[in-house]
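User: I'm new to this structure and would like a close look at one part of it. Could you walk me through the side of one chain that touches its partner, and tell me how far to trust what I see?

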Amino acid sequence: MDAEAAKLIGAGLATLGMIGAGIGVGTIFGQYLSGALRNPAAAASQTGNLFVGAALAEALGILAFVIAILLLFAV
Amino acid sequence: MGVVSGYFGLAGAALSRPQIAEGGGIDPIHQFAVHKVIGLPKIFGADLSISNATVYMILSAAALIGFFWAAGRAKALVPDRLQSLGELATDGVRGLVQSMVGESGARFFPFVFTLFSFILAMNFVGLIPGAFTATSQLAVTATLALVSFLTVLVVAFRVNGLRFFTKFYPKGVFWALALIVMVIELVSFLMRPLTLALRLFGNMLGGHIVLKVFASFVALLLGAGGVLSVLSIAPFLGAVALTALEVLVAGLQAFVFAVLTCVYLNDVLHIDHH
């Protein structure tokens, strides 16, 4: 296989890692909403945890993105 | 009519900027190129030249100092809009540090606030069309992450001494399992600066690539002529919406960086609370 083609296919495959980040971020916000609707009084105190959790889950998707960019432009 | 001519003026400006590659394709990565502005001699093999990233970091810092100088000048009992904005920012971060680290964390407020506001300023300056985003450089975000990580490390050893290492050893666990957990805890602790740097870098890089790709769609469709020129309004509206999203992301990533620094500080200040 041509090396350039392999690079592009690899970058495309690397973006699949974002599926996991999407599931993770979706779970966090969904669980937060269901919890916040059950107990709205406690919701405001948990927004910090919400964003930290979302950021931690999102970071793994960002790793996949960085690998895709590295394959496209740096390798 | 003014709206329409304004739209074509904007799109024309996008067309004249060098975002269409030589072959006519889309070149979204060109905007991140670092080049020397003022060349300086190497010192101990390190190139200390002023690059465009350095220029925009200095600009961001200057804008920040200017803003807080203007906001803090009046010191009025009933604040005006500028002073309210400054108070909102400082009080917000102070409350964050207090709720995340506790009373003993008050002395870290200046540090966390400096990190937060500097990252916020760099992100916002980068959103100005044509400006360079300093936080889209891994070297910049890695430096910021290392500053955060090394501060946490120094605080950890100053507060706990060598007892700090007990943080990694889980209590009340069979020793063989505890050793495995210890290795995992240690690795995850050492990975922190890496994820901190990559998160900010990746978000800024990704956001600006998407913006540039949408701007290129507008330019390419306008250049195609006929019905396609009219269709270029769709990616133009998309670019406007994405810019709004990027403003949110710019604030959110600065906030997340500050929150995670607080979480890591809290982690080493209260090692017995696990």
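**Where chain B meets chain A**

Analyst: Let's start with what isn't there: between chain B and chain A, the count of salt bridges is 0. Polar contacts do turn up, with 2 residue pairs joined that way, both at pLDDT 80 or more. Keep in mind throughout that this is a predicted model.

So what does the meeting place look like? On chain B, 16 residues are in contact with 13 residues of chain A. Together the two chains bury about 1200 Å² between them, and carbon and sulfur atoms give 85% of that area. Three residues stand out here: Ile29(B), Leu198(B) and Arg199(B) supply 32% of the area that chain B buries against chain A, more than any other three residues.

Next, the pieces of chain B that do the touching. Helix H7 (192–224) and helix H9 (233–269) of chain B each supply at least two residues of the side facing chain A. The largest share comes from H7(B), with 8 residues. Sorted by class, that side of chain B has 11 nonpolar, 4 polar and 1 charged residues.

While you're looking at H7, pick out Arg192(B), which lies in that helix of chain B. Is Arg192(B) buried or exposed? Its relative accessible area is 13%, and the cut-off for buried is under 20%, so Arg192(B) counts as buried. Its side chain has a partner, too: a polar contact of 2.8 Å joins it to the side chain of Asp267(B). If you skip the neighbours within four places in sequence, Arg192(B) is in contact with Lys167(B), Tyr264(B) and Asp267(B).

The model as a whole scores ipTM 0.78 and pTM 0.83. Chain B averages a pLDDT of 84, and 90% of its residues score at least 70. Among the elements of chain B, helix H4 (residues 109–127) has the highest mean pLDDT, 94, while helix H1 (residues 2–16) has the lowest, 43. The stretch to be careful with is residues 1–21 of chain B, where the pLDDT is below 50. That stretch does have 24 contacts in the model beyond near neighbours in sequence. Still, where pLDDT is low, the predicted coordinates should not be read in detail.

Terms used. Residues numbered from 1 in each chain as written. Chains lettered and ligands numbered in written order. Heavy atoms only, no water. Contact = heavy atoms within 4.5 Å. Buried area = accessible area lost by both parts, 1.4 Å probe. Salt bridge = Lys/Arg side-chain N within 4 Å of Asp/Glu carboxyl O. Polar contact = N/O pair within 3.5 Å; in protein donor to acceptor, adjacent residues only side chain to side chain. Helix = DSSP H or I, 4+ residues; strand = E, 2+ residues; numbered from the N terminus. Nonpolar A, V, L, I, M, F, W, Y, C, P; charged D, E, K, R; others polar. pLDDT = per-residue confidence, 0-100. Buried < 20%, exposed > 50% of the residue type's maximum accessible area, 1.4 Å probe, protein only.
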